[in-house]
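Welcome to a short tour of this protein model. Have the sequence and the 3D view open side by side, and let us go through it region by region.

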Amino acid sequence: MHIAVVEDEKKLASIIKEGLEAEGYVVSLFHDGETAEVELLRNSVIYSLVILDLMLPRKNGFEVCDALRKNGIALPILILTARESVEDKVRALDSGADDFLTKPFSFDELLARLRALDRRSRGKTVDEIKINTLSIQSNTRKVVRAGEDVLLTPTEYDVLKMLIEHSERALTREEISMGLWGSNEVSFSNVVDVHISNLRKKIDDNHEYKIIRTVRGLGYTIQK
Ligand code: CA
């Protein structure tokens, strides 16, 4: 799970990054609102969640939040604020934030809120996703094709989930590797091909209807 952390206090930003990485999250740091906004508008598919400070150089957190929502980006947003004011909290929620945390905060509370946000955003999607004869229980990660259990590795499951969540278009290898590992080096792109090939063996090989499709020159998509 790739998290964008937008925080201009560099020391706090590094602490958050290190702490989240120790928990297995992939983290990208941004130190001003404008850079974060440009990146999130361009590459929203590779992120699963945004941690957003309010008082930021160039563009504040309210403006970033507002811009993302106006552009139809539904990523869960957790606001960090140094201020306790009710007015700020109301304004943050009104600009489309999902939750907020007042500084200073305990790291355990941050983790708990991230988990809650992730659960809530998964809750917005239906518990059971059905594509042709494939069925996925998103709460238990159980995958079944034509009545038979399919055992996916955690990474294969994450690739499949990312393709399904963005099925309105094809995802490039670089987007998939950025979403899963925060890196788009060539070696990672090749690893994506290996996972896709394994996924196909497990969910498509014995079936006439192929769910995972290659879009030539672009990447992969799901055929619903
Ligand atoms: Ca700040």
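## A buried histidine

Histidine 195 is buried, because its relative accessible area is 15%, under the 20% cut-off. Please keep in mind throughout that this is a predicted model. Histidine 195 sits in helix α8, which covers residues 186-203. Leaving aside residues up to four places away in sequence, histidine 195 touches Thr155, Glu156, Val159 and Trp181.

Helix α6 runs over residues 154-165, and Glu156 and Val159 are among its buried residues.

Helix α6 is made of 12 residues and reaches 16 Å from its first C-alpha to its last, close to the 16 Å expected at 1.5 Å a residue. Which residues of α6 are buried? They are Glu156, Tyr157, Val159, Leu160, Met162, Leu163 and Ile164.

As a general background, nonpolar side chains tend to be buried together in soluble globular proteins. Here the largest nonpolar core has 48 residues, and Leu52 and Leu160 touch the most other members. The element that gives the most to this core is α6, with six residues. Apart from this core lies another of 17 residues, including Leu101, Phe105, Leu114 and Leu117.

Leucine 160 deserves a look of its own. Not counting residues up to four places away in sequence, leucine 160 touches Leu134, Ile136, Leu152, Leu199, Ile203 and Ile222.

## The parallel sheet

Now to the five-stranded sheet. This open sheet has the order β2-β1-β3-β4-β5, and its pairing is parallel. Strands β2 (26-30) and β5 (99-102) stand at the edges with a single partner strand each, so one side of each is left without a neighbour in the sheet. From one strand to the next, the twist averages 20 degrees.

Inside the sheet, β1 (residues 2-6) and β3 (residues 49-53) pair in the parallel sense over four bridges. Across this pairing, alanine 4 stands opposite valine 50 in β3. Helix α2 (residues 33-42) lies across β1, β2 and β3, and runs at about 135 degrees to β2. Helix α3 (residues 61-70) lies across β3 and β4 (77-81), and runs at about 150 degrees to β3.

Aspartate 53 is buried, with a relative accessible area of 3%.

The hairpin of β6 and β7 has two residues between the strands, and the hairpin of β7 and β8 has four.

## Backbone points to check

Most residues other than glycine have a negative phi, and most peptide bonds are trans. Against that background, three places are worth a visit.

Asparagine 132, in the loop between β6 and β7, has a positive phi of about 50 degrees although it is not a glycine. Asparagine 132 is partly exposed, with a relative accessible area of 42%. Arginine 141, in the loop between β7 and β8, has a positive phi of about 60 degrees and is not a glycine either. Arginine 141 is partly exposed, with a relative accessible area of 41%.

Finally, the peptide bond from lysine 103 to proline 104 is cis, with omega near -5 degrees. Proline 104 is found in the loop between β5 and α5 (107-124).

Conventions
Residues numbered from 1 in each chain as written. Predicted model: local features only at pLDDT ≥ 70, side-chain atom pairs only at ≥ 80, totals over all residues. Heavy atoms only, no water. Pairing = 2+ DSSP bridges. Axes fitted to C-alpha atoms, helices over the stretch in contact; angles between N-to-C directions. Contact = heavy atoms within 4.5 Å. Buried < 20%, exposed > 50% of the residue type's maximum accessible area, 1.4 Å probe, protein only. Expected span 1.5 Å × (residues − 1). Core = buried A, V, L, I, M, F, W, Y, C linked by side-chain atoms within 4.5 Å.
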